[in-house]
Amino acid sequence: MLFSLLALGVLVLFFTNISLGSISIPSKEIFNSLTGGQATKSTWEYIIINYRLPKAITAILVGMGLSISGLLMQTLFRNPLAGPYVLGLSSGASLGVAIVILGASFLPHSIASLLLSSYGIVLASSLGSFLVLMAVLVVSFRLRDTMAILIVGLMFGSLTSAVVGTLTYFSTAEQLQKFTFWSMGNLGNLSWSAIAILAVCVIVGLLISLFSIKPLNALLLGENYARSMGINYNKARLLIILATSILAGSITAFAGPIAFIGLAVPHMAKLVFQSSNHTILFWSTILLGAIIMLVCDSISQLPNIDITLPINAVTSLFGAPIVIWLLVRKRKMMG
């Protein structure tokens, strides 16, 4: 029944998200556009199909992908504070984008304009994440200790942050503003072809995660228990890291680094369903991730207001108090 309510919640919030915005569009017109009909005004049709629908789909993909990658990292490292960016993927993406945006002034104008296009920034972000992923994977083959991989990921994060800090120090106000806007996250401005690429990456990442459910359940009781259950620990660890990298890397490339979702939603799923079984947690985390992201995006684009709030600010402001409340409530119930 809970799963049914969550699935219904995703549908209702998806429709609500499309209906909200600076321009008020009647619900009937939205329903007509989404079911293959035509809206009364061509401008309404354009706004729904080319702006609001892609944004809502992106919100669902981002919510699902980050939530699951957070769940994978928390189980692998057995650390409740682990999130999708714990391997340094976000820092790698930020470095790639910083080099392109902040270092563009050192390049010829034709190359700079090509790199500063939306796809140029996506490519730089993907390349940055990929290079950090390769470094983490090489280290994971050498290190048997999983906690050491966590420390290596944090060190990569510190290294890339230092380079980004140096680049920002020598940048102009315009370059800094552009980089800051990227780092705040953005669900809009994605073309249908970009959404298709993102959707493929998220689906691949989710499928790899689905095949990792049995190892994840075994890992709850520790590495030695997982081995005694016949789990190929090194293979399972590699798959989990790969799934997280595909999900977090592709989402960061297209939507920027979005905070809170990957860290908090797995905790919310555990508290709502009172279970540590990953068969239940996988689907509940997916649905809750989509719901929370749609709610945050709806808050960021309040009706009849021209300003759109940065999604990163909304996810943290809206989400952190909820998690604190849930944890306090759980403590009281246990007490």
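Which helix gives the largest share of the nonpolar patch? The points below take up this and other local features.

1. Basis of the note. This is a predicted model, in which local features need pLDDT of at least 70, side-chain atom pairs count only at pLDDT 80 or more, and totals for chains, interfaces and linings use all residues. Residues are numbered from 1 along each chain as its sequence is written, and side-chain values use heavy atoms, with hydrogens and water left out.

2. The nonpolar patch. Helix 9 (residues 192–211) supplies the largest share, four residues. Helices here are DSSP runs (H or I, at least four residues), numbered from the N terminus. The patch covers about 610 Å² of surface and is made by Phe 3, Ile 203, Leu 207, Leu 210, Phe 211 and Trp 283. A patch takes residues with over 30% relative accessible area and no salt bridge, and nonpolar side chains (Val, Leu, Ile, Met, Phe, Trp, Tyr) are joined within 5 Å. A salt bridge is a side-chain nitrogen of Lys or Arg within 4 Å of a carboxyl oxygen of Asp or Glu. Accessible areas come from the Shrake-Rupley method with a 1.4 Å probe; for residues, only the protein chains shown count as cover.

3. Trp 283. Trp 283 is partly exposed, with a relative accessible area of 43%; buried means under 20%, exposed over 50%, and partly exposed in between (1.4 Å probe, protein chains only).

4. Aromatic pairs. The whole structure holds four aromatic pairs. Rings of Phe, Tyr and Trp (its six-membered ring) pair if their centres lie within 6.5 Å; planes under 30 degrees apart count as stacked, over 60 as edge-to-face and the rest as tilted. One of the pairs, Phe 3 with Phe 273, is tilted, at 4.9 Å centre to centre and 35 degrees between the planes. This pair links distant parts of the chain, with Phe 3 in helix 1 (residues 2–19) and Phe 273 in helix 13 (residues 261–273), 270 residues apart. Phe 3 is partly exposed at 31% relative accessibility, whereas Phe 273 is buried at 15%.

5. Tyr 169 and Phe 170. This pair is edge-to-face, because the ring centres are 5.2 Å apart and the planes stand at 90 degrees. Tyr 169 is exposed at 68% relative accessibility, and Phe 170 is exposed at 61%.

6. Ser 171. This residue sits in the loop between helix 7 (146–169) and helix 8 (173–183). Ser 171 counts as buried because its relative accessible area is 15%. A polar atom of the Ser 171 side chain lies 2.5 Å from the backbone oxygen of Leu 167. Apart from neighbours within four places in sequence, Ser 171 is in contact (heavy atoms within 4.5 Å) with Leu 102 and Leu 176.

7. Ser 94. Helix 4 (residues 89–102) contains Ser 94, which is buried at 14% relative accessible area. Neighbours within four places in sequence aside, Ser 94 is in contact with Val 164, Phe 179 and Trp 182.

8. Positive phi values. Arg 78, a residue other than glycine, has a positive phi near 50 degrees. Arg 78 lies in the loop between helix 3 (42–76) and helix 4 and is exposed at 56% relative accessible area. Asn 189, also not a glycine, has a positive phi of about 65 degrees. Asn 189 is placed in the loop between helix 8 and helix 9 and is exposed at 64% relative accessibility.

Key: Helix = DSSP H or I, 4+ residues; strand = E, 2+ residues; numbered from the N terminus. Polar contact = N/O pair within 3.5 Å; in protein donor to acceptor, adjacent residues only side chain to side chain. Patch = residues over 30% accessible without salt bridge, like charges linked within 9 Å, V, L, I, M, F, W, Y side chains within 5 Å.
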